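Welcome to this short tour. Open your viewer, keep the selection tool handy, and follow the stops below.

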Amino acid sequence: LFRSPEPAGPNCFRGGTAVHSGPDLDRNGALGDTEIIATSYVCTESDLFEGDFTSEMWSDPAAVTALGHARVVTGSLAIASDAPVSLPALELVGGSLAVSRAGTPARFEAPALAHIGGDFTVDGGGFAGELALPALVSVGRGLTLGDAALRGFRAPVLASVGGALIAHGAALAALELPALRTVGRVELTELPATALAL
């Protein structure tokens with residue numbers, strides 16, 4: 001992630017910070033204009049969750065409240081909650097996103113989530129249900145759908161997966177990625193008669 005000041009204007013009424021993400025292709029420690037894939041605007045302190053949100057943090061009500069207001073998580077995010085999870089403001093995860101459980105019946109909602117800088121994994125046997133991420137555009141590294149209970153995964157605007165797309169699971173009846181254009185490799189195993197849209 002690279003940050004730059006954002007002047008007062010349409011993105012932040014009183015000014016704030018622009019948080020840019022993308023691959024550092026020339027490995028110079030900064031993101032050039034052509035390397036920026038996404039920009040999220042942090043206009044208030046509550047828009048930013050600094051660092052990783054770990055599995056253990058779900059038992060801390062203050063941390064869960066802070067995550068619920070965040071537009072940007074600078075580190076990795078582990079979804080491991082005994083209750084359904086709704087993150088309506090979340091746009092960007094700078095590190096990896098791992099979904100292992102989100103209540104019974106399972107529900108994880110992140111309708112504005114557009115970019116994940118690292119790996120995206122749904123695994124662990126604790127997420128029984130369907131997962132839809134309507135705004136997800138890019139995953140910086142691999143996308144792994146390995147949860148035996150996951151019944152469906154829909155990301156209608158996901159265009160880029162920087163690493164491998166791996167999907168396996170006896171219950172995965174729907175895998176819909178109709179906008180996918182770039183992926184490292186695809187590995188689909190042990191799937192039922194899946195409604196596949198790639």
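In which strand is I79 found? Select I79 and you will land in strand β6 (residues 77–81), where a strand is a DSSP run of E of at least two residues, numbered from the N terminus.

Before going on, a word on what you are viewing. This is a predicted model, in which local features need pLDDT of at least 70 and side-chain atom pairs count only at pLDDT 80 or more, while totals for chains, interfaces and linings use all residues. Residues are numbered from 1 along each chain as its sequence is written, and side-chain values use heavy atoms, leaving out hydrogens and water.

**Stop one: around I79**

Is I79 buried or exposed? I79 is buried, with a relative accessible area of 0%; buried means under 20%, exposed over 50% and partly exposed in between, with a 1.4 Å probe and protein chains only. Now show the residues in contact with I79 (heavy atoms within 4.5 Å). Leaving aside neighbours within four places in sequence, they include W58, V85, L87, L97, V99 and F108. Next, draw a distance from I79 to M57: their C-alpha atoms are separated by 9.8 Å, and the two residues are 22 apart along the chain.

**Stop two: the aromatic rings**

Searching the whole structure gives three aromatic pairs, a pair being rings of Phe, Tyr or Trp (its six-membered ring) with centres within 6.5 Å. Select F120 and F153: the ring centres are 5.9 Å apart and the planes meet at 55 degrees, so this pair is tilted. Planes under 30 degrees apart count as stacked, over 60 as edge-to-face and the rest as tilted. The pair links distant parts of the chain, with F120 in strand β12 (residues 120–126) and F153 in strand β16 (residues 150–154), 33 residues apart. Both F120 and F153 are buried. Then pick F49, F53 and W58, which form one aromatic cluster; W58 is also one of the contacts of I79.

**Stop three: the whole chain**

Turn the view along the principal axes, and the C-alpha atoms fill a box of roughly 50 × 40 × 25 Å. Finally, colour by burial: of the 198 residues of the protein chain, 41% count as buried.

Key:
Helix = DSSP H or I, 4+ residues; strand = E, 2+ residues; numbered from the N terminus.
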